[in-house]
Each structure stands twice: as C-alpha cells, then as structure tokens.
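Open the model in your viewer and keep the sequence beside it. This tour says what to select at each stop.

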Amino acid sequence: GGLPESDHMEHEVDLLDPAMVAEMKAMAPELAMLQLHQSKDKLTKQQKLWNERHEQKERLWRIAGIFHGYSDFEPALVWYQKALKYWEQFSTDDEDIAVMTFAIGTIYKVLSQWETARELFGRSLKIKKRIYESDSPSIALCERLYQEAQDEVHDWEISKNMYSAGAGEDDPPGPGSWIHVGPFELDLSESEMDPENPRYTQIP
C-alpha cells in the first residue's frame with residue numbers, strides 16, 4: 001500500500017525541512033523522495049482548494065456590494081450573509097471573518113438595527129484583538145463603532161455622509177443618498193493605512 005498521509009498540514013510542511021529530507025535519504029532514499037513528492041503535491045492541492053474557496057466567497061461578497069451600491073439594503077444583506085455563512089464552513093475566527101462581520105455591522109448600524117450591529121462589531125473586535133497589534137487603527141475604529149452602537153448614535157455614518165441627521169422635510173433622518181452613484185461597488189473592506197474611508201471600485 002501507499003504511505004499514510006497526515007491530516008495536519010503542519011506535519012507535511014515539516015517533511016520538506018532540508019535536514020529531515022537528508023536524514024530520510026540516508027535511511028531509505030527511495031522512500032524519502034516518494035514522501036517528499038507526495039507532501040509537495042498535497043500542499044499544492046490544499047493551496048488550490050483554499051484559493052477556490054476564497055474566490056467563491058469574493059463572488060458572493062461582490063454581488064452584495066452591487067446591491068449595496070444602489071442602497072438596496074435588503075438583498076445586499078442577504079448576499080453579505082451568504083458570503084459570511086459560506087466562509088464560516090471553513091473558519092469562524094480568521095481575518096476574513098473579522099473584516100466581513102465589521103462591514104456587515106456598519107450596514108445594520110446605518111439601518112439603526114443596534115443589537116445586530118453590536119453583535120457583529122463585538123465578534124469582529126474579539127478576532128482583531130487577537131490577530132492585530134493593540135495600537136491597530138482597525139481595532140480603534142471597531143471599538144468606536146461598537147460604542148456608538150451601544151449609545152445608538154450615527155456619528156460615524158454622518159461624518160462619512162452615509163447617514164443624514166435630518167435638516168427638514170427635504171432631508172429627513174435616515175441612510176444617506178450618497179451611495180446612488182451608478183454602477184459602483186462600495187468596498188467596505190478595511191485598510192490598515194486608512195480604515196475609516198470606504199473605497200469605490202468601478203464595475204466594468
């Protein structure tokens with residue numbers, strides 16, 4: 001039969017260590033090279049699978065972004081949640097989850113759905129505090145929005161023209177009309193350099 005394969009990727013990476021390969025060659029040259037090739041093939045397949053999963057998640061997220069780009073919040077949230085649930089099949093606490101829960105939280109905050117916004121910001125914040133440095137601007141922004149959701153205020157959205165505070169009959173309080181800009185996708189993913197400014201990506 002063939003060689004047993006480890007389910008743990010880190011063990012397979014160890015098999016590629018030059019010192020270990022040299023030791024295996026000395027003991028059993030043919031066995032060593034067979035194991036080495038199998039390990040490399042397995043790593044390639046795992047990387048390819050990860051890429052395919054990531055691309056599928058991005059496709060779902062992009063559909064949501066198109067609806068969001070037209071302020072069509074209900075279908076936008078449906079597709080954002082589809083992307084999140086898809087990725088949760090593979091991980092529940094990585095950086096992708098932190099970014100997605102933060103972005104979805106901002107929408108619920110704009111819609112004044114405070115409890116859901118707090119849950120999402122809280123989940124994002126827990127992951128960010130584990131994977132980012134303590135002085136990360138991403139953590140600071142998430143803490144700010146979590147607190148605003150606690151206080152039930154729209155200060156951040158108003159500062160970004162994402163929400164109108166209301167100035168009369170022609171300008172009632174509510175989600176701003178800023179996003180009606182045609183075929184553009186709002187990219188709510190964060191930038192460590194400038195995490196507060198949403199970016200636009202033109203859709204061809």
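At what angle do helix H5 and helix H7 pack, and how far apart are their axes? Select residues 95-110 for H5 and residues 137-151 for H7: the two helices pack at an angle of about 30°, with axes 11 Å apart. Axes here are lines fitted to C-alpha atoms, for helices over the stretch in contact, and angles run from 0 to 180 degrees between N-to-C directions. Angles under 35 degrees count as roughly parallel, so H5 and H7 are roughly parallel to each other.

Next, show side chains. On H5, select Phe102, Thr106 and Lys109; on H7, select Leu141, Cys142, Leu145, Glu148 and Ala149. These residues make the contact, meaning heavy atoms within 4.5 Å. By class, the contact has five nonpolar, one polar and two charged residues. Ala, Val, Leu, Ile, Met, Phe, Trp, Tyr, Cys and Pro count as nonpolar, Asp, Glu, Lys and Arg as charged, and the others, Gly among them, as polar.

The model is predicted: local features need pLDDT of at least 70, side-chain atom pairs count only at pLDDT 80 or more, and totals for chains, interfaces and linings use all residues. Residues are numbered from 1 along each chain as its sequence is written, and side-chain values use heavy atoms, leaving out hydrogens and water.

Now select the whole protein chain. The chain has eight helices and four strands, which are DSSP runs numbered from the N terminus (helices H or I, at least four residues; strands E, at least two). From the N terminus on, the order is α-α-α-α-α-α-α-α-β-β-β-β. Of the 204 residues, 37% are buried, that is, under 20% relative accessible area with a 1.4 Å probe, protein chains only.

Conventions. Parallel < 35°, antiparallel > 145°, perpendicular 65-115°, else oblique. Buried < 20%, exposed > 50% of the residue type's maximum accessible area, 1.4 Å probe, protein only.
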